[in-house]
Amino acid sequence: MNSSTSKQATYQRICEQLQELLGRESDLVANAANTSALLNRAIPDINWVGFYLNRGGELVLGPFQGNPACARIPFGKGVCGTAAISHETVIVPDVQAFPGHIACDTASRSEIVVPLVNWGRLLGVLDVDSASLNRFDEDDQEGLETVASVFMASLATEDLPDLREAAARAEN
């Protein structure tokens, strides 16, 4: 079995375990806490995993596993802020080469950030760091984007944007 197949199998197991773990719980904080704990135990060679939540146009630290982290990150700053603005996953093979990198944990050498977007609205980001260079690849991107989908599907509707007005305007 090659490493790609192994990673895909790992993320498949993680998603199955996450669906079971989250079950009928729909609270944002509870599900973010359990998601970060599961990822911390299941993904090899990472040193930080957690959520930053969109609060008033900036990212505010949410549930995480790892060393203490930056409490607030402006949109457009660092890897998390870049993913928040672009609404696209950002993989950084060497954080020291990333312009404007915010070093919350000096041990981190590579990073992947997955935006949590629902109907075009940013809820936050899922951030995963590693002490190894070049730790994350397209298999991690696909796996973590699937994890993010499972997480987003678990949330209570009050945690997601109400788009009824926008939908009504679009129909007219």
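Predicted model: local features only at pLDDT ≥ 70, side-chain atom pairs only at ≥ 80, totals over all residues.
As for the spacing, an α-helix has 3.6 residues a turn, so residues three or four places apart point the same way.

At the start of the helix, a side-chain oxygen of Asp-137 comes to within 2.9 Å of the backbone nitrogen of Asp-139.

Now for the nonpolar packing. The largest nonpolar core has 28 residues, and the ones with the most contacts inside it are Leu-39, Leu-116, Leu-126, Val-128, Leu-144, Val-147 and Phe-151. Two or more residues come from each of α1 (3–22), α2, β1, β5 (110–118), β6 (121–130) and α4 (138–154). Of these, α4 gives the most, with six residues. In soluble globular proteins, nonpolar side chains tend to be buried together.

Leaving aside residues up to four places away in sequence, Leu-144 touches Tyr-11, Leu-39, Ile-43, Ile-112, Val-114, Leu-126 and Val-128. A separate core, of 15 residues, lies apart from the largest one and includes Trp-48, Ile-73, Phe-98 and Val-125.

| Residue | Location | Relative accessibility |
|---|---|---|
| Asp-45 | loop between α2 (28–42) and β1 (48–55) | 40% |
| Ser-86 | helix α3 (residues 78–86) | 33% |
| His-87 | loop between α3 and β4 (90–92) | 33% |

Two of them have backbone angles to look at. Asp-45 has a positive phi of about 60 degrees, even though it is not a glycine. His-87, also a residue other than glycine, has a positive phi near 60 degrees.

Ser-86 belongs to helix α3, and its C-alpha atom is separated by 9.7 Å from that of Phe-75, eleven residues away along the chain.

Notes. Residues numbered from 1 in each chain as written. Heavy atoms only, no water. Helix = DSSP H or I, 4+ residues; strand = E, 2+ residues; numbered from the N terminus. Buried < 20%, exposed > 50% of the residue type's maximum accessible area, 1.4 Å probe, protein only. Core = buried A, V, L, I, M, F, W, Y, C linked by side-chain atoms within 4.5 Å. Contact = heavy atoms within 4.5 Å. Polar contact = N/O pair within 3.5 Å; in protein donor to acceptor, adjacent residues only side chain to side chain.
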